[in-house]
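Please open the model in your viewer and keep the selection panel at hand. The stops below say what to select next and what is there.

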Amino acid sequence: MALEQAAVPTPAQRRKDRQRRLIIREAARLFEENGGEEGGGFEKTTAEAIAERSDISVSTFFRYFRTKADVIYLDLHNAIDEHLAAVGRRLAQGHDPAGAVAESSVEVLNRFIADEDNKARVVRSFRSPNFDDARALWTGRWSDRLGELLRVHLPESEDRDLRARVTATVCLNTAWATVQQWAARGLDEPLEPILSKAFGLAAAASRDAEAAVGPQAH
């Protein structure tokens with residue numbers, strides 16, 4: 001069964017999207033003018049300066065982005081909501097949990113990098129130590145929320161909570177590692193076969209681990 005198509009955006013949503021794209025573009029230009037990654041561009045680029053270049057107020061800037069890091073690098077707060085919504089749609093259609101996470105990762109990332117400005121943000125993020133702390137913080141929250149979502153779709157068992165948490169953690173770590181390698185290559189290769197191979201390797205490692213542990217006593 002095909003996924004439901006997204007609703008056609010309203011004029012207000014299209015205006016909001018244009019404004020968001022303008023802020024992203026101006027932030028990137030200012031970041032590079034201020035020295036880029038190697039020249040301290042992140043430290044020199046302020047939210048106030050981005051707002052001025054985008055011809056908006058600072059309060060308007062913060063209606064679109066929580067921090068300057070969210071616009072210069074990746075806005076993981078929004079990414080989590082979008083990814084979980086895609087996973088939820090697939091789970092509701094009967095997809096297995098790991099497959100739902102992998103397919104949703106491809107869907108969300110391909111849609112995101114269709115915009116060249118966003119594609120540059122992905123590459124910039126995975127090459128920057130400034131992104132590492134935000135990524136570590138949000139990955140923990142992402143894993144918790146994904147585990148809660150997956151739990152409902154796992155069979156009843158004594159270890160359902162543990163299985164949900166482990167599945168969420170393994171899937172997210174696999175996706176992160178794959179996207180990091182993909183970004184290092186410049187994002188020119190199709191993501192889906194790379195991610196499919198990575199999830200296959202993760203599944204094989206999981207089977208090997210279960211075989212090594214052996215049957216569990218109850």
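Select helix α6 (76-92), because helices here are DSSP runs of H or I with at least four residues, numbered from the N terminus. Of the elements around the largest pocket, α6 gives the most to the lining, with 8 residues. This is a predicted model, in which local features need pLDDT of at least 70 and side-chain atom pairs count only at pLDDT 80 or more, while totals for chains, interfaces and linings use all residues. Residues are numbered from 1 along each chain as its sequence is written, and side-chain values use heavy atoms, with hydrogens and water left out.

Next, show the 39 residues that line this pocket, and centre the view on Asn78, Glu82, Val108, Arg111 and Phe112, which lie nearest its centre. The elements that give two or more residues to the lining are α1, α6, α7, α8 and α10. By class, 21 lining residues are nonpolar, 5 are polar and 13 are charged.

Now move to Glu107, which is found in helix α7 and is buried, with a relative accessible area of 18% (buried means under 20%, with a 1.4 Å probe and protein chains only). The side chains of Glu107 and Arg90 are joined by a polar contact of 2.5 Å (a pair of N or O atoms within 3.5 Å, one able to donate a hydrogen and the other to accept it; residues adjacent in sequence count only if both atoms are side-chain atoms).

Finally, select helix α8 (residues 116-126), which is largely enclosed by the rest of the structure because 8 of its 11 residues are buried. Among them are Val122, Val123 and Phe126. At the start of α8, a side-chain oxygen of Asp115 comes to within 2.7 Å of the backbone nitrogen of Asp117.

Technical notes
Buried < 20%, exposed > 50% of the residue type's maximum accessible area, 1.4 Å probe, protein only. 1 Å grid on protein atoms, 1.4 Å probe; cavity = no way out; pocket = protein on both sides within 12 Å on 5 of 7 lines; lining within 4 Å. Nonpolar A, V, L, I, M, F, W, Y, C, P; charged D, E, K, R; others polar.
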